[in-house]
Amino acid sequence: MKTPPDPARPARRNLPLLLLQTRERLLARFRPVLQAGGITEQQYRVLRAIEAGGPLEPRQIGAICHLSSASLTGMLARMEAMGLVARERLAHDQRRVRVSLTPASRAMFRRMKPRIEAIYQTLEADLGAELTGEIYDTLDRFLARLAATDAPKKE
């Protein structure tokens with residue numbers, strides 16, 4: 001005889017919580033490097049987005065980094081004051097701004113890169129190259145499918 005499900009116990013595992021726990025365990029490995037560089041995790045995300053995509057507008061940075069416009073506005077002002085980013089108005093539309101890396105942030109990346117790479121190598125050694133590759137592939141597929149289901153349905 002099968003035991004009926006316990007209504008006090010969730011029917012499914014908490015996927016958002018599992019992903020959050022995974023994120024926190026991973027970031028714990030990177031935080032000392034970021035702290036030594038004098039930047040926050042969010043600032044590093046912004047710098048990485050700009051490094052990968054070239055100069056970007058704040059709305060693009062917000063979308064890539066999942067930061068609200070209000071949070072990003074203050075963060076970019078602080079990062080500009082720190083000499084990490086430069087903002088310039090677009091010639092064809094003075095209301096719009098493009099954010100780029102500065103020589104100081106590029107130098108910071110060069111200093112941090114060996115330590116960041118070492119963390120990735122240790123992570124891959126701890127998990128194994130095969131599992132690490134599977135995780136990347138699975139997350140890429142997961143995000144692609146979520147994005148496909150988020151798209152407006154055509155009737």
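How do α1 and α2 lie relative to each other: roughly parallel or roughly perpendicular? I started there, keeping in mind that this is a predicted model. I found an angle of about 85° between α1 and α2, with their axes 11 Å apart. An angle from 65 to 115 degrees counts as roughly perpendicular, so α1 and α2 are roughly perpendicular to each other. Next I listed who makes the contact: R23, L27, R31 and L34 come from α1, while E41, Y44 and R45 come from α2. Sorted by class, the contact of α1 with α2 has four charged residues, three nonpolar ones and no polar ones.

Then I went on to α2 and α4. I read off an angle of about 80° for this pair, again with an axis separation of 11 Å. α2 and α4 are therefore roughly perpendicular to each other. On the α2 side I noted Q42, Q43, V46 and L47, which meet L72, M75, L76 and M79 of α4. The class count for the contact of α2 with α4 is six nonpolar, two polar and no charged residues.

My next stop was the core. The largest nonpolar core holds 26 residues, and I39, V46, L47, I50, I61 and M112 have the most contacts inside it. Leaving out residues up to four places away in sequence, I39 touches L34, Y44, L47, M82, L84, M108 and M112.

β1 (residues 85-90) pairs with β2 in the antiparallel sense, over six bridges. A hairpin of two residues joins β1 to β2, and I found V85 standing opposite L101 in β2.

Is F30 buried or exposed? F30 sits in helix α1 and has a relative accessible area of 11%. The cut-off for buried is under 20%, so F30 is buried. Setting aside residues up to four places away in sequence, I saw F30 touching I116, I119 and Y120. I also took one distance: F30 and G128 are 98 residues apart in sequence, and their C-alpha atoms are 19 Å apart in space.

Methods: Residues numbered from 1 in each chain as written. Predicted model: local features only at pLDDT ≥ 70, side-chain atom pairs only at ≥ 80, totals over all residues. Heavy atoms only, no water. Core = buried A, V, L, I, M, F, W, Y, C linked by side-chain atoms within 4.5 Å. Buried < 20%, exposed > 50% of the residue type's maximum accessible area, 1.4 Å probe, protein only. Contact = heavy atoms within 4.5 Å. Pairing = 2+ DSSP bridges. Helix = DSSP H or I, 4+ residues; strand = E, 2+ residues; numbered from the N terminus. Axes fitted to C-alpha atoms, helices over the stretch in contact; angles between N-to-C directions. Parallel < 35°, antiparallel > 145°, perpendicular 65-115°, else oblique. Nonpolar A, V, L, I, M, F, W, Y, C, P; charged D, E, K, R; others polar.
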